[in-house]
Amino acid sequence: MEAGTTTAPPPQALSEGLGATLSRLANKYGLLVVLLALPVYFGIKDLTGPEHDLSRLANNLFSGLSNGSILALIAIGYTLVYGIIELINFAHGDVFMIGSFTASQFWSSILGVGLATGTFGIAGGIIVSLIVAMVVCGGLNVMIERVAYRPLRSAPKLAPLITAVGMSFVLQNVGLLWLGGSPASVDDLIHAQQAVATIAGVNIQRADLLAFAVTIPLVALMVTFINQSRLGKAMRATAQDPEAATLMGISVDTTISATFLIGGMLAGAAGLVYALYQTTIWFFQGFQAGLLAFTAAVMGGIGNLKGAVLGGLIIGCIQQISDNRIGPQWTAAVVFAYLILIMVFRPQGLLGEETREAG
């Protein structure tokens, strides 16, 4: 029998096969490498340095999670509105700023809560101020939708986008007239930097507990509402297909108003937490926090609620590591470098998916 012969694949086929393999591996593991780059690098540096432990990195990550939970509350508002009407509500960050102003002025000027107030008085004042801030910001967001966005719903998409930018400037100037152009201090009612406990080298402060105590129940309540309530199902139906939702008897206008209401209420809650967390508020905080929250929504997958929360937590950790290890002046560059890399490997975001085309 004549021996069989094999033909070696041409060099071009080998290079194409190698390129396809490398591309597949990059798509599969590249995103994981990007997300772990900073913590792994500084973790190795801590282990090989004089400290020989990971307590510093653990503190960075824990503080990042608490700070990121505030961004997550704001990011949910961006992703809710985009999921329903595919509009980037650039005024949302300034609604958050109004929430900080409302809460701090309500407990100090109306309730008279201050550093001399007792523990139960401070706790009650914070709870009442939280409710007031959420109601005010929710109503403000609904008013913005009714006055500025609803008349332009059938207009070209550039029109409501520019209107959103205009509303952002309007709210910024409201804040500027309210408390002036300089940062205003807020009474440290909860003694935000006071350590409550130390677990495995991680310092847990009162500000961290406040951020988690407000964010976790609100996010859980909102997810339950959207998944199980009648209005929540209407919101999901409207996000998928507004015309079909209308044919099924769903009031699209009411649903959109409810979406703005929920987003505004979460922004108001974030505003109160921010005021107590940072003990400083000013009219420009909405632009900065809003930009980071919008980045979180895009990073997690715009239109995806879980993605918005995940993006907020990731950006909080990146911020904290960059502030503590690299320098605050580089933080914005590091955050947006992460965003660009994540978009390269996964353009739809971490948990994003294909959405309907705008009609």
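**Exercise 1.** Is alanine 200 buried or exposed?

*Solution.* The model examined here is predicted, so local features need pLDDT of at least 70 and side-chain atom pairs count only at pLDDT 80 or more, while totals for chains, interfaces and linings use all residues. Residues are numbered from 1 along each chain as its sequence is written, and side-chain values use heavy atoms, with hydrogens and water left out.

Step 1. Recall the classes: buried means under 20% relative accessible area, exposed over 50%, and partly exposed in between (1.4 Å probe, protein chains only).

Step 2. Alanine 200 has a relative accessible area of 74% and is therefore exposed.

Step 3. Locate the residue: alanine 200 belongs to the loop between β2 and β3 (202–205). Helices (H or I, at least four residues) and strands (E, at least two) are DSSP runs, numbered from the N terminus.

Step 4. Note the backbone: alanine 200 is not a glycine, yet its phi is positive, at about 55°.

**Exercise 2.** In which loop does histidine 191 lie, and which accessibility class does histidine 191 have?

*Solution.* Step 1. The loop in question runs between β1 (184–185) and β2 (195–199).

Step 1. The relative accessibility of histidine 191 is 41%, so this residue counts as partly exposed.

Step 2. Histidine 191 also has a positive phi of about 55°, although it is not a glycine.

**Exercise 3.** Which residues is asparagine 203 in contact with, leaving aside its neighbours within four places in sequence?

*Solution.* Step 1. Asparagine 203 is placed in strand β3, and its relative accessible area of 36% makes this residue partly exposed.

Step 1. Contact means heavy atoms within 4.5 Å. On that basis the partners of asparagine 203 are Asn59, Phe62, Ala197, Thr198 and Asp208.

Step 2. For the chain as a whole, 76% of the contacts with a separation of 6 or more are between residues 24 or more positions apart.

**Exercise 4.** Which residues touch the most other members of the largest nonpolar core?

*Solution.* Step 1. A nonpolar core is a set of buried Ala, Val, Leu, Ile, Met, Phe, Trp, Tyr and Cys residues joined through side-chain atoms within 4.5 Å.

Step 1. The largest such core has 85 residues, and Trp107 and Tyr149 touch the most other members. Helix α9 (residues 252–278) gives the most to this core, with 14 residues.

Step 2. Apart from residues up to four places away in sequence, tyrosine 149 touches Leu87, Asn89, Ala91, Ile144, Pro160, Thr163, Ala164, Met167 and Phe260.

Step 3. As background, nonpolar side chains tend to be buried together in soluble globular proteins. In this chain of 359 residues, 45% count as buried.

**Exercise 5.** How do helices α10 and α12 pack?

*Solution.* Step 1. Axes are lines fitted to C-alpha atoms, for helices over the stretch in contact, and angles run from 0 to 180 degrees between N-to-C directions.

Step 1. Helix α10 (residues 285–300) packs with helix α12 (residues 331–345) at an angle of about 20°, their axes being 10 Å apart. The two helices are therefore roughly parallel. Angles under 35 degrees count as roughly parallel, over 145 as roughly antiparallel, 65 to 115 as roughly perpendicular and the rest as oblique.

Step 2. The contact involves Leu291, Leu292, Thr295, Val298 and Met299 of α10, together with Val335, Phe336, Tyr338, Leu339, Ile342 and Met343 of α12.

Step 3. By class, these residues are 10 nonpolar, 1 polar and no charged. Here Ala, Val, Leu, Ile, Met, Phe, Trp, Tyr, Cys and Pro count as nonpolar, Asp, Glu, Lys and Arg as charged, and the others, Gly among them, as polar.

**Exercise 6.** What is the orientation of α2 and α7 to each other?

*Solution.* Step 1. The axes of helix α2 (residues 55–85) and helix α7 (residues 230–240) come within 6 Å and cross at roughly 60°.

Step 1. α2 and α7 are therefore oblique to each other.

Step 2. Leu80, Gly83 and Ile84 of α2 make the contact with Met235, Thr238 and Ala239 of α7; the residues comprise 4 nonpolar, 2 polar and no charged.
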